[in-house]
Amino acid sequence: MSLGLPTHLSRAANSRALATAARWAGLVCLVAALVNALFSGFGQGVNGASWLTLAMLLPMVALLAVLALLARGRTVALTIAYLAVGTVCTYFYVVAIFLGTPAYRDTNLFVVALPVVAMTLVGGTGTGALAGILWASLGFALAEAAVLLAAVTTDRVFTTDAISLGAYLLLVGVLAFDGLTRGSRGRTQSAIHRAVRDVRLVELRRSLVADLAADTHDTVLSELLAVSRSEPGPLPDRLRERIDADLLALGRGLPSLTQALAAESIDDDPWYRSDLHRAIEDARDEGLAVDVSGDRASIARLDETTLRAIGLAVRQCLVNVIRHSGSATAEVALSICDDSLSVMVVDGGRGFAPDSTAGDRLGLRQSVHDRISRVGGTVTVYSSADVGTTVIMVVPCAPEVVA
């Protein structure tokens, strides 16, 4: 679901909405569990230690409330703390229920399902479909383990209740559907954007041609009418000067039209013919929103070998963003200074340790560092966890030609 937004915005909006909804729904479940503990008469026959056990739901409520309020931030540590505290709280909560109500003989109960659902809904963390499914599975498994242990402790029959299982399957289904449809949505929107651009270029061509044709038509008719009304013989000097001026004005209009139509044709622009542009468009086709800033015309100062190396290196950087960063957006910035061109690829993803030797970073070392070094350039990588990655490539270029 795109919500009428561009791809890179709709992804973030959907993720944040799902995370917020899941956390607040879990908070409602915990509050309902507290209300049930306080007002269902568990106090009869239950000692003070059991009431203290019921109060242990409060840390779980507090942690989930903090998670809900920090839905926009990175909350992995808080999520782990919530799962750990929630597992303990769920165990004591279920034990207290069975001790307070001997009539309950198995765990297939709505009051037991409440903390289990709250633990499961931590899967809506907004970190991506796969990560969300893993968090949901971990929360569900820990909560069910706590319920099983409580059932064994109180000599009850353990049965997975339909409510908590249904909540788990629903959340996993939503996350899986979102993950499977992200790529197709991105490719569709990229195609739509290109189609809109092509339509606008065609409209520009029609408008310019129509304006020039109208000017030519009116000018020619006006001059022919003036000539027909003049006396036989040589044209008067004033009429000749007017005709010359009108024809000169039409002549100035032709180069303007030619330039506009040439600008319309992307095939004549070095930027659109470059491997760098193709790398960016390929990444956009994969659903990554790529912003380009800086002087695009500066690539004309690169020789073919260097320009190809930069294009292939940027392609690998954007592939890394798609595969590893978890970010839906990236920026490619071009900057030229004297005899060198800098190309910077920035993302706001999860980042990594630049000195890591993990196998999934071979593309960065081999396809970026080695390729740029072969054309006499340098590569600098800045990255840290939960901040993002910046790759700066500097290559030599021809000096600027001063006209």
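Select helix α10 (residues 275-285) together with helix α11 (residues 304-325), and you will see two helices that pack at an angle of about 15 degrees with their axes 7 Å apart. Axes here are lines fitted to C-alpha atoms, for helices over the stretch in contact, and angles run from 0 to 180 degrees between N-to-C directions; helices (H or I, at least four residues) and strands (E, at least two) are DSSP runs, numbered from the N terminus. That angle makes α10 roughly parallel to α11, since angles under 35 degrees count as roughly parallel, over 145 as roughly antiparallel, 65 to 115 as roughly perpendicular and the rest as oblique.

The model is a predicted one, in which local features need pLDDT of at least 70 and side-chain atom pairs count only at pLDDT 80 or more, while totals for chains, interfaces and linings use all residues. Residues are numbered from 1 along each chain as its sequence is written, and side-chain values use heavy atoms, with hydrogens and water left out.

Now show the side chains of this helix pair. Among the residues of α10 that meet α11 are Leu276, Ile280 and Ala283, and the residues they meet in α11 include Ile310, Val314 and Leu318, where contact means heavy atoms within 4.5 Å. The residues of this contact divide into eight nonpolar, one polar and five charged; Ala, Val, Leu, Ile, Met, Phe, Trp, Tyr, Cys and Pro count as nonpolar, Asp, Glu, Lys and Arg as charged, and the others, Gly among them, as polar.

Next, select the five strands of the open sheet, whose order is β1-β2-β3-β5-β4, with mixed pairing. Two strands pair if DSSP finds at least two bridges between them. β1 and β4 (378-384) stand at the edges, each with a single partner strand, so one side of each has no neighbour in the sheet. From one strand to the next, the twist averages 15 degrees.

Leaving aside residues up to four places away in sequence, Tyr382 touches Gly388, Thr389, Thr390 and Ile392.

Bring the two helices back into view over the sheet. α10 lies across β1 and β2, running at about 150 degrees to β1, whereas α11 lies across β1, β2, β3 and β5 (388-396), running at about 175 degrees to β5.

Finally, move to helix α4 (residues 76-100) and helix α5 (residues 110-120), whose axes come within 10 Å and cross at roughly 180 degrees. This makes α4 roughly antiparallel to α5. The contact includes Tyr82, Leu83 and Phe98 of α4 and Val111, Pro115 and Met119 of α5, and its residues divide into 11 nonpolar, three polar and no charged.
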